[in-house]
Amino acid sequence: MPDTTSADLGPREVLARYQQAMLDKSADDLADRYAVDAVHEFPFFFPGMPERY
């Protein structure tokens with residue numbers, strides 16, 4: 001994919017890149033989808049697991 005910052009992308013393209021990183025099992029590409037100060041919240045979690053990362 002072309003080198004474009006997430007700020008230049010629409011929501012569908014951001015989601016498509018996230019999905020592709022998951023399908024490729026690429027931790028680096030997946031990490032690139034997040035902002036440096038991102039917080040990932042899980043509405044459904046197992047007991048003993050953190051709700052936020």
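Student: Which residues make the nonpolar surface patch of about 420 Å²?

Tutor: Patch members have over 30% relative accessible area and no salt bridge, with nonpolar side chains (Val, Leu, Ile, Met, Phe, Trp, Tyr) joined within 5 Å and like charges within 9 Å, a salt bridge being a side-chain nitrogen of Lys or Arg within 4 Å of a carboxyl oxygen of Asp or Glu. Here the nonpolar patch is made by Phe42, Phe45, Phe46 and Met49, with areas from the Shrake-Rupley method and a 1.4 Å probe, only the protein chains shown counting as cover for residues. This is a predicted model, in which local features need pLDDT of at least 70 and side-chain atom pairs 80 or more, while totals for chains, interfaces and linings use all residues. Residues are numbered from 1 along each chain as its sequence is written, and side-chain values use heavy atoms, with hydrogens and water left out.

Student: Where is phenylalanine 42 found, and is phenylalanine 42 buried, partly exposed or exposed?

Tutor: Phenylalanine 42 belongs to the segment after α2 and, at a relative accessible area of 31%, is partly exposed (buried is under 20%, exposed over 50%, partly exposed in between). Of the 53 residues of the protein, 8% count as buried, and carbon and sulfur atoms hold 58% of an accessible surface of about 4,900 Å².

Student: How many helices and strands are there?

Tutor: The protein has 2 helices and 0 strands, read as DSSP runs (helices H or I, at least four residues; strands E, at least two) numbered from the N terminus. In the loop between α1 and α2 lies lysine 25, whose phi near 55° is a positive value in a residue other than glycine; lysine 25 is exposed, with a relative accessible area of 76%.

Student: Which residues form the negative surface patch?

Tutor: Asp and Glu count as negative, Lys and Arg as positive, with His and chain ends not counted, and the charge is placed at CG of Asp, CD of Glu, NZ of Lys or CZ of Arg. Asp24, Asp28, Asp29 and Asp32 form the negative patch, and α2 gives the largest share, 3 residues. Aspartate 28, in helix α2, counts as exposed at 60% relative accessibility.

Student: How many aromatic pairs does the count give?

Tutor: An aromatic pair is described by the distance of the centres and the angle of the planes; Phe, Tyr and Trp (six-membered ring) pair with centres within 6.5 Å, planes under 30 degrees apart being stacked, over 60 edge-to-face and the rest tilted. The count comes to 1 aromatic pair. The rings of tyrosine 18 and tyrosine 34 have centres 6.2 Å apart and planes at 65°, so the pair is edge-to-face. Because tyrosine 18 lies in helix α1 (residues 11-24) and tyrosine 34 in the segment after α2 (27-32), the pair ties together parts that are 16 residues apart in sequence.

Terms used. Buried < 20%, exposed > 50% of the residue type's maximum accessible area, 1.4 Å probe, protein only.
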